[in-house]
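These are my notes on one structure. I wrote down what I looked up, entry by entry.

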Amino acid sequence: MSASIAQTAVVDPRAQIGEGVQIGHFCVIGPNVKLGDRTRVGDHVTLDGVTSIGCDNQIFPHVSIGTNPQDVSYRNTPTRVEIGDGNVFREQVTINRASEKEDGVTRVGDHNYLMTGTHIAHDCNIGSRIVLANNCMIGGHAHIADDVTIAGGAGVHQFVSIGTLSFVGAMTRILQDVPPFVIVDGADARPRCINTVGLKRHDYTEDDITVLTQAFRLLYRKRIGVEPARDELFATGPIRPVLRHLFDCLDNSCLGRAGRGRDRRKKAA
């Protein structure tokens with residue numbers, strides 16, 4: 001099945017358009033854009049730069065993907081945006097191409113749902129099965145792991161990492177890394193509890209939830225410190241993979257500045 005392109009759309013003949021793609025009115029598609037099969041592009045969408053978008057994505061009106069990063073040091077080099085399959089980008093989502101400061105790619109994985117007004121800045125690495133609610137702001141070089149939910153109006157500082165299966169409350173300001181499996185909330189994000197609902201929905205066992213709850217109590221209720229908590233938990237029984245992953249992420253966060261493990265790379269920028 002050939003692509004369907006509205007008469008008012010401006011599609012560069014060098015763009016690669018897959019089978020069954022639909023492109024709405026008044027869209028602008030640049031020469032270095034690749035659209036995978038069955039992707040639907042709504043009206044008034046701009047796709048620019050070196051941008052690869054996979055199959056079965058749905059792009060709503062007034063989305064902008066692949067334009068220059070909001071970085072004053074950017075010098076118009078051919079950095080990229082790479083997007084996987086089955087994503088939904090609601091109205092006014094913006095995703096910027098990368099700067100030259102890392103590997104030159106802004107990445108978005110598969111089966112994500114980005115709601116209205118979400119911004120993904122340059123050099124971000126967004127995993128899969130993530131929900132970003134209305135007006136989320138993701139700063140440059142941030143990494144978000146799989147199966148994360150971020151509620152509306154949250155702001156994520158540059159170089160922050162957000163761990164798998166975490167949940168960020170609405171209007172939260174994320175200045176430090178968010179551990180995996182944890183719910184954080186507040187004007188300055190604070191850990192509230194383990195994301196037991198998310199863990200159950202993803203078929204984690206009761207044993208996993210129990211050890212994570214014990215870890216949370218030691219780390220954020222008793223506040224005995226990372227090393228004493230690790231020693232106590234690792235000495236009491238089998239070391240479950242979720243527990244090791246939690247402490248590996250905490251170790252990485254401690255290596256960076258201001259609780260952001262990836263901020264070590266900022267010095268080379």
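I began with the term contact, which means heavy atoms within 4.5 Å. Of the contacts in the protein chain with a separation of 6 or more, 30% are between residues 24 or more positions apart.

I noted that this is a predicted model, in which local features need pLDDT of at least 70, side-chain atom pairs count only at pLDDT 80 or more, and totals for chains, interfaces and linings use all residues. Residues are numbered from 1 along each chain as its sequence is written, and side-chain values use heavy atoms, with hydrogens and water left out.

**Entry: the whole chain**

I counted 4 helices and 28 strands in the protein chain; these are DSSP runs numbered from the N terminus, helices (H or I) of at least four residues and strands (E) of at least two. I found that the C-alpha atoms fill a box of roughly 65 × 40 × 30 Å along the principal axes. Buried residues (under 20% relative accessible area, with exposed over 50% and partly exposed in between, 1.4 Å probe, protein chains only) make up 48% of the 269 residues.

**Entry: the core**

Of its 61 residues, Leu47, Ile95, Ile138 and Ile150 touch the most other members. The largest share of this core, 7 residues, comes from H2. I also listed partners of Ile138 beyond four places in sequence, among them His119, Cys124, Leu132, Ile150 and Val156.

**Entry: two helices**

At what angle do H2 and H4 pack? I read about 30° for helix H2 (residues 206-221) and helix H4 (residues 241-255), with their axes 9 Å apart. The axes are lines fitted to C-alpha atoms over the stretch in contact, and angles run from 0 to 180 degrees between N-to-C directions. The contact includes Val211, Leu212 and Ala215 of H2 and Leu246, Phe247 and Leu250 of H4.

Most residues other than glycine have a negative phi. I found a positive phi near 60° at Asp56 and one near 65° at Asp203. Asp56 is in the loop between strand E9 (50-53) and strand E10 (58-59), while Asp203 is in the loop between helix H1 (196-201) and H2. Is Asp203 buried or exposed? Asp203 counts as exposed because its relative accessibility is 69%. Asp56 has 39%, so it counts as partly exposed.

Conventions
A nonpolar core is a set of buried Ala, Val, Leu, Ile, Met, Phe, Trp, Tyr and Cys residues joined through side-chain atoms within 4.5 Å.
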